[in-house]
Amino acid sequence: MVAAPFRSTITLVAACALVLGPREARAQADAVPPDAPSDIIGNSVVKIFATVRNPDVFKPWTKQAPQEISGSGMVIEGNRILTNAHMVLYSSEIQIQGNQSGDRISATVEGVAPGIDLAVLKLDDESFFATHAPLKRDATMPQIKDSVLVYGYPAGGTSLSITKGIVSRIEYTAYNYYTSGLRVQIDAAINHGNSGGPALVGGKVVGLAFSFLNNAQNIGYIIPTEEIDLMLKAVAAGPYRGKLSMFDSLQTLENPALRKFLKLDPSVHGIVVSRPDSSDPAYPLRRWDVITQIGDAPVDDQGMINLGPDLRVGLAYMIQKLKATGTAPLKVARDGKIVPIDLPLKTDYPTVFPVLKGEYPSYFIFGPLAFSTATAQLLGAVDASGKAPMLSGRSSPLMTRRSDKQAFDGEGIVCVTAPFFPDKLSKGYGDPELKVVKSVNGIEIRNLIHLVHVLRTSTDKYVIIEFADRHAERLVFPRADMAAATDAVLTDNGIRNQGSPDALAEWRATTP
Amino acid sequence: MSSVPPRLLLAALLAPALALAAAGAADTGAAAPPADTADASSPAMDAISNSVVKIYSTVTRPDVSKPWASLPPQDEVESGVVIEGHRILTNAHDVLYSKQVLVKAGEGDDKLSATVVAFSPGLDLAILKLDDDTFFQTHPPVRLWGELPHTREMVSIIGYPADATNLSAVKITVTHIDFAPYGGGASGLRIRLNSEVAAGVSGGAIVSGDHLIGVACRHGSGNNAFSFGIPTEEILPFINSPAAGLYPRKHGSYVETQHLENAGLRAFLGLDPSVHGVVVPSTADLPVTHGATQLDKWDVITEAANEKVDDQGQVPLPGNGRVGFRYLYQSPGLTTSIPVSLLRAGKPVNVDLVLEPSRPTLIPEPDGTSPSYFILGPVVFSAASSHLMALLAGSPELEAALCYRGSPLATRRTDHPAFPGEELVFIASPFFPHNLAIGYSNPVLETVKAVNGIAIKNLAHLVQVLHDSKDEFVVIEFAERESETLVFPRKAMIAATDDILNDNGVRSQGSTDMMAIWNK
């Protein structure tokens, strides 16, 4: 089997609620006593209102229409509110509201981790925390069958809601983009609006509710405290960069012929490297290596490690348990021997189509053309709009390069995201929408900022734009006319900025 | 006294004699017959009606995901016209892959057995012969008129609608003529009509006066139906060709051109306002002979085959406005080259632009065949074909998945072969259940990169490699990101094949061409 974890089709809920069951004896000095009336815990669960303005990838000079969403959050130590990233990404107005209280307090995002779907908020008025205590988190993992209560503000009402269930399953799986993490499954009712709300066992928080499985029954998911603690520690140490991961292609060692072909002793167990992340001779992993151990944990033939009852998880989980050195200590079976290696880890896959994680797409308008950096979100929008077959038909890099890594550091794909702005300079040219820029005046374009640089520093009489798409026209414009045309376009279309801040910085620079 | 008008009588008597002359008359471009009003009950219509037939075919198209079998039989109905030489002309799309083709003329007649003797998927035309020739004694060929109809001309579409056994004639207006892809891999002149042709009438006659000026062609169904007429100008070379089977594709040039309307572009090229034509922005696709291509970047083509080319790349089509200049590639008498006049850096240059036969594509264009395949153990190998592309076109999620994994089926879709005979070999269906495949994920739609370390060039090469191998294992490597490498014990894989074919009711381990290699 291919070992790379699948992304399940789960629905992100705006908030989750669980109901506490019979108490467990887990007293700790500062914890909210388990037999406390629910409003003491409820006092620390807030409702969150946000106005989301997602990027408009096809018109990157503007944003999509504002959407009002609501969900949940919890008070944590240090006068902070913890909630989901998907609640606050691209939100401009965020407000929190205490339980049984009408006043809303404005909040801002202090740190966000889109991969693991967590976010930390600060309040404009911190006096709120004087009367709303933080919830304590349980340092140990919940166990299967533990009774769990979830608090939150789901759809179907406006006040605090509590639902009850048990811990059903614990796995290490894919979250968003290239991030993986521990995920706890519970069977309490989880609905839209529950996102960001706490799940408690014995009066202590064991996780934060964030999604449920579509077309299933009673399968809801919480982000366990272990992941929360990792994220909070990282945010406190500086800008959040993501979790270290390995990106090698692995395959299971279940097939007997594969074992024989690799000449493995029957006592050797582990997962096979079918394609290392890099073919560089300096990279320590080779094709056909069998990873038998990570840290102290032996790896089985499906690539799992056994970390206790009910905790058999993918080997990559060990990465976050070990000291963060940027490498993972592995043992591999190679050519009949067991070899120790230190595998370099990365926080992100260097895809040529980056994922937007709270920023708006870079763009630059030049005469009748709007250029933008092609991102993973643009690809998603292209597919959703049904334009993919047309792009495949003309061998667009937006289709053919989806699995590529950056060919060089800083490589980006620049495309024209919208049809021409009406202008006589474009008369006679066909629609350049979604065409990918290959060169300008013969200079191959490396990324959007480079395109802006080339346009700025050119002294040629004409600007000649060549596209990578098959049979696309070359566009030729008289350079002297472009400034006036750009002004007219911005005025006519009510566009405030000719480009995103990074593009404008390059356009206004004076260096050669 | 008989009330039969003398004109009709005359027409009936002369029909057989005229029929023989019909092809000749069209070839020499004789003067147009007087344009009768296309009235369903006119004598002209009666003459034609005897030459239009209803065709029933039962087709079993290839099943890409079960290449040892076909898709379930589908009944198709269309129309056809009798042409000289005791033949029937119709569209290819409903008779290709047919197991049985039956022809019927008029109510009350029996259906007669027919076979496809020549076809062009590119032009969407096919020629049938009947088992019993006597039919043609009472059903004369249509007279073909070789000239194009005119814009706004009223013509009749005569054929058998899908649910009818009697002939229908519908008046329709020609909106314009264009030159465009037919959808089967070739471009040609099209008679554009102001409404769709009814289902079943595809393959039927387009008549002006009492002459055939084209064959109706309807693609798609329901709201997605798209109809046009294939004019006699496109039909004549096909029906006059002596070749049987697959009709060769048109020759042409791969020159890339761009419109010359934009003021900035014209200024850049330094063109006087009186200069008209199209510009060559790149010579990358042109053949290189003696170290150079015939054209230079930024050449302006002003004339082709002595016709002036305008800024949108069009040339006059007598009586019918303008069409793309590439129409001129098929001018009679042009076989190996087409004379073009250029403006190169301001100076006039004349070039005989080479017309190449159609270049092969890595994923072959439709040719009436079924994809080849070969089964070994639980694995089904096949060669990528236009049928596979049609399947992918219907599934955007599959398309996106292929792109994300870097599959050559996505990244190399529009390529020409990198070397002669190159094919993409892929796994056409999930594993046949067998414990040889334990622990492996299903590699459906993954492309085979190498077997036992040997890079695979095409399906025949794969079979040869498997045939010649003496290794203990068969190691199959795929091109896609995140694909597994499959390892099977070679002897066990071969030995298991018979049982697998038995269990799954598969008649043949591979297509005939592949078994010829395997069994050597």
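Predicted model: local features only at pLDDT ≥ 70, side-chain atom pairs only at ≥ 80, totals over all residues.
A:Tyr177 sits in the loop between strand 10 (161–174) and strand 11 (180–186) of chain A. Its backbone is worth a glance: A:Tyr177 has a positive phi of about 55 degrees, although it is not a glycine. Is the residue buried, partly exposed or exposed? With 33% relative accessibility, A:Tyr177 counts as partly exposed, because that label covers the range between under 20% for buried and over 50% for exposed.

Strand 10 has another partner as well. Strand 9 (residues 147–152) of chain A pairs with strand 10 in the antiparallel sense, over 6 bridges. To find this pairing on screen, look for A:Val148, whose bridge partner in strand 10 is A:Gly165.

Elsewhere in chain A, strand 4 (residues 67–76) holds A:Ser70. This serine is partly exposed, at 27% relative accessible area. A:Ser70 and A:Met87 are 17 residues apart along the chain, and their C-alpha atoms are separated by 7.6 Å.

Over to chain B, starting with the whole chain. It has 11 helices and 27 strands, and its C-alpha atoms fill a box of roughly 90 × 70 × 40 Å along the principal axes. Of the 520 residues in chain B, 52% are buried. Among the contacts in chain B with a separation of 6 or more, 62% come from residues 24 or more positions apart. The accessible surface of this chain comes to about 22,800 Å², and carbon and sulfur atoms account for 55% of that. As for charge, chain B carries 36 positive and 56 negative side chains, yet the centres of the two sets lie 3 Å apart.

What order do its 3 strands take? They form an open sheet in the order 21-22-23, with antiparallel pairing. Strand 21 (373–376) and strand 23 (425–427) stand at the edges, each with a single partner strand, so one side of each is left without a neighbour in the sheet. From one strand to the next, the twist averages 25 degrees.

Zooming in on one of those pairings, strand 22 (residues 379–383) of chain B is joined to strand 23 by 3 bridges. One residue to look for is B:Ala383, which has B:Val425 in strand 23 as its bridge partner. A helix belongs in this picture too: helix 10 (residues 490–503) of chain B lies across strand 21 and strand 22, running at about 110 degrees to strand 21.

One last stop in chain B is B:Glu482, found in the loop between strand 26 (473–478) and strand 27 (486–489). What is its phi? The angle is positive, about 60 degrees, although B:Glu482 is not a glycine. With a relative accessible area of 36%, B:Glu482 is partly exposed. Back in chain A, A:Tyr177 also has a positive phi, of about 55 degrees.

Technical notes. Residues numbered from 1 in each chain as written. Chains lettered and ligands numbered in written order. Heavy atoms only, no water. Helix = DSSP H or I, 4+ residues; strand = E, 2+ residues; numbered from the N terminus. Buried < 20%, exposed > 50% of the residue type's maximum accessible area, 1.4 Å probe, protein only. Contact = heavy atoms within 4.5 Å. Areas by Shrake-Rupley, 256 points an atom, 1.4 Å probe, with all protein chains shown as cover. Lys, Arg positive; Asp, Glu negative; His and termini not counted. Charge placed at Lys NZ, Arg CZ, Asp CG, Glu CD. Pairing = 2+ DSSP bridges. Axes fitted to C-alpha atoms, helices over the stretch in contact; angles between N-to-C directions.
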